Amino acid sequence: MTAPLAIAGLSVAFRHNGEERRLLDDVALTLNRGEILGLVGESGSGKSLLCRTVMGLLPSAKLQVTAGSIRLDGEDILAGDRFADIRGRRIGMIFQNPTSHLDPVMRIGQQISEGLMRHKGLGAQAARAEATDLLAQVGFADPPRAFESFAHQFSGGMRQRAMIAIALACDPEILIADEPTTALDVTIQAQILRLLMDLRIERGLSMILITHDLGVVAQTCDRIAVMQGGRIVETGEKRALLAAPQHGYTRQLIASHPSVGAAGAHVAVDREGAPLIRVENLEVRFPVGGGFLRKGQALRAVKDVSLSVWAGETVGIVGESGSGKSTLARTILGLTPATSGDVLFEGASLAKDRGATLRRLRSDAAMVFQDPFNSLNPRMTIGATLAEVLKTQGETPPDRIAARIGELLDMVGLERSFAGRKPRSLSGGQCQRAGIARALAVNPRVIIADECVAALDVTIQAQIIDLFRALTATGKLTLIFIAHDLAIVRNLCERVVVMHHGEIVEDGPSTRIFARPERPYTAALIAAIPDIDPDRPLNGGTPTHIQQELAP
Amino acid sequence: MRPPRTAQRRGAEGLHRYRFILFRPLQFLPVLLGISVITFFLVRLIPGDPARILLGTRATPTAIANIRAQYGLDEPYLVQYFFFLKNLGAGEMGRSTLFKIDVLRLIATRIEPTLALVLAGVVLALLIAVPSAALSARRQGGAADHAVRVLSTAGLGFPSFWLGAMLILLFSVKLDWLPVSGYGTNLGDKLVHLVLPGLTIALSLSAVLTRSLRAGMIAGLGSDIATAARARGMPENVVFWRHVVPNALVPTVNLLAVNIGWLIGGTVVVESVFAVPGLGQLMVRGIFSRDYMVVQGVALTFACATVLINFIADIVTVALDPRVEL
C-alpha cells in the first residue's frame with residue numbers, strides 16, 4: 001500500500017534580485033495512512049512552509065520549489081500543478097489563529113457549505129444540513145445556531161472547532177494542523193487535541209500536526225519529525241525518539257521542555273515580618289459597552305483579591321485568558337487604577353498616598369512585558385534604552401552609566417556589543433533579555449513578568465527561565481511571574497497563585513499544589529498540561545468514548 | 001454552552017444591532033442647531049445689504065427701509081435668528097428676496113436635479129472604482145495596476161471645473177454626442193443631461209475610492225482569510241469576490257460617506273459649469289444677491305443631507321460587518 005503522502009528531496013528557495021536563500025533543504029517525509037505525524041521545530045525552522053508547499057500555498061511569489069516531489073497516493077502533485085483538485089477535497093488544513101483565518105463577515109455555516117457546494121455539488125439545502133451535522137460532530141451543542149453565527153460571537157476554542165469543521169467539510173484523507181492549539185488555553189487545548197484524535201479514528205484521517213510543544217506531540221502523535229533550519233534532522237516512532245533522541249537538537253528540545261526540569265532549590269523566605277507587597281480586597285472594574293444614551297456595564301476583571309508577597313519570594317500567578325492575572329499585576333504596579341481596595345508596598349498605600357507610593361514603586365519595581373519587540377522602542381539602541389532608564393532614575397552617576405550598561409548586559413547574558421544594536425536586529429530571545437536588562441536597570445527589589453516567555457521558542461524559554469532562576473537565587477529579588485503555562489511556573493516558582501474569573505482560587509507552595517491540588521479547577525488545569533511522557537496521558541488518562549469503544 | 005434558542009430569537013438578536021436607528025437621530029438635533037448658528041451668522045458677515053442689491057444702486061433710502069422692514073432685516077441679528085428658528089420649527093424657511101417665493105418651495109423645486117446628480121456621480125464612481133481596483137489589486141505591479149494608479153492620482157489632482165470643461169469640449173463640442181449643459185424635461189432627456197456632470201463628479205470621487213479599495217483588496221488577498229479559503233479549495237475568483245471584496249468594502253463605505261458630504265458642496269461648482277438648475281446653482285445666486293433666506297435654507301439642506309448620508313453609512317456598515325455595534 002502506498003503512503004498517502006510522500007515528500008522526497010523537496011527544496012524551496014527564496015529568490016529576489018538574483019539572491020537565493022534555501023528555506024527548505026532536501027526534505028523527505030512520509031505520512032502513513034491513519035497516523036498522526038508530529039512535525040516539531042522552532043519558529044523559522046520551515047515546518048509551516050513545508051505544509052504550505054504541500055497545499056500549493058506558498059506565501060509569496062518570491063518563494064519557489066527548486067527540487068523534489070510531493071506524491072499523493074503515488075501521484076506527483078507538483079508536476080501537474082493539481083492543487084486545485086487537492087485543496088479542501090483531499091487535504092484539509094487548519095491554522096494556528098482561527099480568529100484571523102475565519103471570514104469575519106460571513107456566517108460560519110456558509111464557510112462550511114461553500115466547500116460542500118463546490119466540491120460535492122450539493123444544493124444549498126443539502127449543504128446546510130451537512131454543515132449543521134459537521135458542526136455537531138466537532139462538538140457544538142446547538143449546531144443550527146452555530147451555523148448562523150459569526151466568528152466574533154465564538155470563544156477561541158469554538159473558533160478552532162469551526163475551523164476544523166470547515167477543513168473536514170469535503171472528507172479529506174489528510175488533515176494538516178498548523179499549531180492548532182498554540183493560541184488556546186490549556187484546558188481548551190486538551191479538548192481540541194482530544195477532538196482531533198477522535199476524528200482521526202472516526203474518519204480514518206492521516207494527520208500532520210505542526211507544533212513547537214513536544215508535550216502536545218507526545219500526547220497525540222504516532223511518529224515525530226524534527227525540523228531545524230529547513231531540514232528534517234530526525235524522524236522516528238514517538239516513544240523511541242523521545243526515549244533515545246539521536247540528534248543533538250532533538251536532545252536540546254527535549255531537555256528544554258518545562259515538564260522535564262525539576263523544581264530548582266529555592267531560597268528560604270522569612271514570612272514572619274511584614275510583607276513587601278500587600279493586596280487588600282482589590283477590585284478592578286472596566287466599563288464595557290454603553291453609549292450616548294445607554295448605560296454601560298462593568299466588567300469585574302479582579303474580584304475582591306487579597307494577597308501578600310514577602311521579600312525574596314518567587315510567586316507564579318497562573319490562570320487562563322480572562323482570569324484577571326494581568327490586570328492584577330498592572331494594578332499592583334499602579335498602571336491600572338483600582339476600583340476599590342488597596343495595594344500596599346512596604347506599608348505605603350497606593351489608595352491613600354498614590355503619588356508617593358507610585359514614586360517608590362517606579363524605583364523599586366519593574367515590569368517585563370509579553371511582547372519583547374513591541375515593548376522596546378524600535379528607534380533606540382539597547383544601550384540608549386538602558387541609559388534612558390538609568391538617567392531618569394538618577395542613582396547612577398553620568399560617568400558610570402556606560403559601565404553600568406555593560407554590567408546589565410552581562411547579567412542577562414548578552415554580549416556588551418548589543419548596546420549599539422536596535423531591537424530590529426535582535427532575535428525574540430535577545431529582545432526579551434534586553435527587556436529584562438531594562439527592568440534590572442532600576443535595581444529593582446520586585447520584578448513583575450507578564451507572560452514574558454509566551455512568545456518565545458522552547459529552548460529560548462528555558463534560557464530565560466534559567467536567567468530568572470539565577471537572578472532570584474540571591475534572595476534579594478522578588479519575582480511575580482505571570483503565565484498561562486503551568487509547567488513553566490512549576491519549574492521556576494516556589495509559590496503558585498491560581499486565578500479563575502478574577503478570583504484567587506488557590507494559593508500555596510508549588511510542590512504541594514502540583515502534587516495535591518485542593519480545588520477541582522486547579523486539578524483540571526494541571527491535568528490539561530500535555531506531558532512529554534506519552535504514558536502520562538492528558539486529563540489524567542480518562543479515555544474518550546471512542547477509545548473506550550475501541551479497547552479490546 | 002448557552003441553552004439553545006429558537007430561530008425567532010436569533011432574528012431578534014440580529015435586529016438589536018440596529019437599535020441605534022431609534023436613538024441616533026436625537027444626536028442630530030444639537031448638530032443641526034450648531035449648523036444653523038454658523039450658517040445664519042456667516043451669511044450676514046458677507047459685505048453688502050440685500051435690500052440695496054435687490055433694488056439697485058438708484059433706490060431711495062425709503063424704499064430700502066421698506067424692503068428691510070418687510071423681510072425683518074432691520075431687527076437685531078439675535079432677534080432675526082430667533083425668528084429664523086421659530087419659523088424653522090413651523091416648517092418655514094422664510095421668503096426669498098430674489099425669487100419672491102417661499103424658500104422651502106424653492107428648495108423643493110431645485111432638489112431633484114442635485115439629488116440626481118449626486119446619485120449619478122456615486123453610481124458612476126462605483127462603476128469605475130470597483131472594477132479598476134479589482135484589476136489593479138489582482139495584477140499588482142502589472143501594466144493595468146500602474147495605469148490605474150497613475151489615473152487615480154491624476155483624478156485626485158484635476159479640479160472639477162476644468163475636468164467638466166474638458167468633457168464638454170470632447171463629448172459635446174467635438175463629438176456632439178451629449179448635450180452641452182442644462183437639465184432635461186422627461187426622464188430619458190434628464191439621464192442624457194446627467195452623463196457629463198455625473199462623470200465629472202465620478203472621475204474625482206472614483207480616484208479616492210479606487211485607492212482605498214485597491215489597498216483593502218491587496219491586503220485582503222494576502223490575508224489569512226484568503227489563505228484559509230484557498231486551503232479549502234476555493235478558486236481564486238471565489239476567494240476574491242466572496243471573501244476579499246466584502247471585507248475591503250467595509251472601510252470604503254465610510255470613506256464614501258465622508259466624500260459624499262464633500263461632494264454635495266462640490267455640486268455648487270459642477271452645477272454652475274453645466275448649468276444644472278439644482279441647489280448648488282441656487283446657492284450661488286443666493287450668495288450673489290445676498291438672499292439670506294435662500295443661502296441659509298440651502299446650507300441647512302446640505303447639512304441635513306450630509307448628516308443623513310453618514311447615518312445611512314452607519315446602517316450600511318452595520319449590515320456589512322456583523323462585528324460592528326453602534
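The largest nonpolar core has 213 residues. Five residues have the most contacts inside it: A165(A), A437(A), I448(A), I480(A) and F481(A). Which element gives the most to this core? Helix α6 of chain B, residues 103-138, with 13 residues. Keep in mind that this is a predicted model.

Take A165(A) from that list. Set aside its neighbours within four places in sequence. A165(A) is then in contact with I112(A), L134(A), L135(A) and V138(A).

Now the sheet in chain A. Six strands form an open sheet, in the order β6-β7-β8-β3-β9-β10. The pairing is mixed. Why is one side of β6 and of β10 left without a neighbour in the sheet? Those two strands of chain A, residues 91-94 and 231-237, stand at the edges, so each has a single partner strand. From one strand to the next, the twist averages 15°.

Let me zoom in on one pair. Strand β3 of chain A covers residues 36-40, and strand β8 of chain A covers residues 206-211. The two run parallel, joined by five bridges. Within that pair, L37(A) stands opposite I208(A) in β8(A).

Next, a helix on the sheet. Helix α8 of chain A, residues 156-168, lies across β6 and β7 of chain A. That β7 is residues 174-178. Against β6(A), the helix runs at about 165°.

Follow the chain into the loop between α8 and β7 of chain A, and you find D171(A). D171(A) is not a glycine, yet its phi is positive, about 50°.

N281(A) lies in a strand, β11 of chain A, residues 277-288. With 12 other C-beta atoms within 10 Å, N281(A) is exposed.

A word on annotation. The UniProt entry, which is unreviewed, lists "domain: ABC transporter" for residues 7-254 and 277-526 of chain A. Over residues 7-254, chain A is 42% helix and 27% strand. The end C-alpha atoms of that stretch are 26 Å apart.

On to chain B. How many helices and strands are there in chain B? There are 13 helices and zero strands. The C-alpha atoms of chain B fill a box of roughly 85 × 65 × 35 Å along the principal axes. Chain B has 326 residues, and 34% of them count as buried. Look at the contacts in chain B with a separation of 6 or more. Residues 24 or more positions apart account for 71% of these.

Last, where the chains meet. The contact takes 23 residues from chain B and 29 residues from chain A. By class, the chain B side has 11 nonpolar, five polar and seven charged residues.

That is the tour. Over to you.

Key. Residues are numbered from 1 along each chain as its sequence is written. Chains are lettered from A and ligands numbered from 1 in the order in which they are written. This is a predicted model: local features need pLDDT of at least 70, side-chain atom pairs count only at pLDDT 80 or more; totals for chains, interfaces and linings use all residues. Two residues are in contact if their C-beta atoms, placed from the backbone, lie within 7 Å. Ala, Val, Leu, Ile, Met, Phe, Trp, Tyr, Cys and Pro count as nonpolar, Asp, Glu, Lys and Arg as charged, and the others, Gly among them, as polar. Helices (H or I, at least four residues) and strands (E, at least two) are DSSP runs, numbered from the N terminus. A residue is buried if 20 or more other C-beta atoms lie within 10 Å of its own, exposed if 12 or fewer, and partly exposed in between; C-beta atoms are placed from the backbone. Two strands pair if DSSP finds at least two bridges between them. Axes are lines fitted to C-alpha atoms, for helices over the stretch in contact, and angles run from 0 to 180 degrees between N-to-C directions. A nonpolar core is a set of buried Ala, Val, Leu, Ile, Met, Phe, Trp, Tyr and Cys residues joined through C-beta atoms within 7 Å. UniProt positions are given in the numbering used here, feature names are shortened, and annotations may be inferred rather than shown by experiment.
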